[in-house]
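The stops below are meant to be taken in order, with one selection at each.

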Amino acid sequence: MLLMIEKWFDKISHVIGYLCSGLMLVMMLNIFYDVFMRYLFKSGSIALQEMEWHLFSVIILLGTSYALMEDSHVRVDVLYAKFSDKKKALVNIFGAIVFITPIALLVALSSVGFVMEAFTSNEISSDPGGLTHRWILKAFIPFSFWLLIVMTFGFIIKNINIYRGVTKAHFRKQEEL
């Protein structure tokens, strides 16, 4: 049962990864166009420059959940690298419960007011020609941290499976029988 749940979380993680990859491509094209126009035609757009930062922010905010599920997040590996898989799984479960979840919950809850203020004041860029509807970008803050909380459950389940010694290869063998 836990392996099926883990597979479901992995599918979500892959969707997030593909979305971030697509946004990264859009951001690179935006930067290329902006630089091309600025240096060859002496024409620039403040909105496009702001869009670079907005896309970068969304990629980072959504990418945290993907990095967690792919076990690509930053950690201090001085002792961790020498641990057995079971000990690593316990450390990951402990870290997810004690560190990731409370901090993500704090940011998710405390940033909602920030978004609501931007929405009610109809916040726009202070630069002439800049982007409007800043609340959309700011809404990614609580959304991404709620997503991180959900994906943390998947990370915990994945590590419970590792601790139990149940792997996806084992699951495939069971399906073949």
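What follows is a tour of a predicted model, going from helices to pockets to loops.

**Stop 1: the annotated spans**

Switch to residues 90-115, which are 96% helix and 0% strand. Here the end C-alpha atoms lie 36 Å apart.

**Stop 2: helix α4**

Select residues 85-110, which make up α4. This helix has 26 residues, and from its first C-alpha to its last it reaches 36 Å. That is close to the 38 Å expected at 1.5 Å a residue.

Next, show the side chains of Ala 89, Asn 92, Ile 93, Gly 95, Ala 96, Ala 104 and Ala 108, which are buried residues of α4.

**Stop 3: the largest pocket**

Rolling a probe the size of a water molecule over the atoms shows where empty space is left. The largest pocket has a volume of about 350 Å³. Of the 15 residues that line this pocket, select the ones closest to its centre: His 73, Val 74, Arg 75, Gly 95 and Ile 100. Gly 95 was also among the buried residues of α4.

Which helix supplies the largest share of this lining? It is α4, with seven residues. Helices α2 (46-69), α4 and α6 (134-164) each supply at least two. By type, the lining of the largest pocket divides into ten nonpolar residues, four polar and one charged.

**Stop 4: the second largest pocket**

Move to the second largest pocket, where the space comes to about 170 Å³. Select its lining: Met 51, His 54, Leu 55, Val 58, Leu 131, Thr 132, His 133, Arg 134, Ile 136, Leu 137 and Phe 140. Both α2 and α6 supply at least two residues each to this lining. Seven of the lining residues are nonpolar, three are polar and one is charged.

**Stop 5**

His 133 sits in the loop between α5 (112-120) and α6. Most residues other than glycine have a negative phi. Phi of His 133, however, is positive, near 55°. His 133 counts as partly exposed because its relative accessibility is 41%, between the limits of 20% and 50%.

Then go to Lys 42, in the loop between α1 (2-41) and α2. Lys 42 also has a positive phi, about 55°, although it is not a glycine. Is Lys 42 buried or exposed? It is exposed, since its relative accessible area is 71% and the cut-off for exposed is over 50%.

**Stop 5: Val 150 and Thr 101**

Finish on helix α6, at Val 150. With a relative accessible area of 37%, Val 150 is partly exposed. Select Thr 101 as well and draw a line between the two C-alpha atoms: Val 150 and Thr 101 are 9.2 Å apart in space, although 49 residues apart in sequence.

Methods. Residues are numbered from 1 along each chain as its sequence is written. This is a predicted model: local features need pLDDT of at least 70, side-chain atom pairs count only at pLDDT 80 or more; totals for chains, interfaces and linings use all residues. Side-chain values use heavy atoms; hydrogens and water are left out. On a 1 Å grid over the protein atoms alone, a cavity is a set of points where a 1.4 Å probe fits but cannot get out, and a pocket is an open set with protein on both sides within 12 Å along at least five of seven lines; lining residues have an atom within 4 Å of a point. Grid points are joined across faces, edges and corners, and a volume is the space filled by probe spheres set on the points. Helices (H or I, at least four residues) and strands (E, at least two) are DSSP runs, numbered from the N terminus. Ala, Val, Leu, Ile, Met, Phe, Trp, Tyr, Cys and Pro count as nonpolar, Asp, Glu, Lys and Arg as charged, and the others, Gly among them, as polar. The expected span of a helix is 1.5 Å times one less than its number of residues. Buried means under 20% relative accessible area, exposed over 50%, partly exposed in between (1.4 Å probe, protein chains only).
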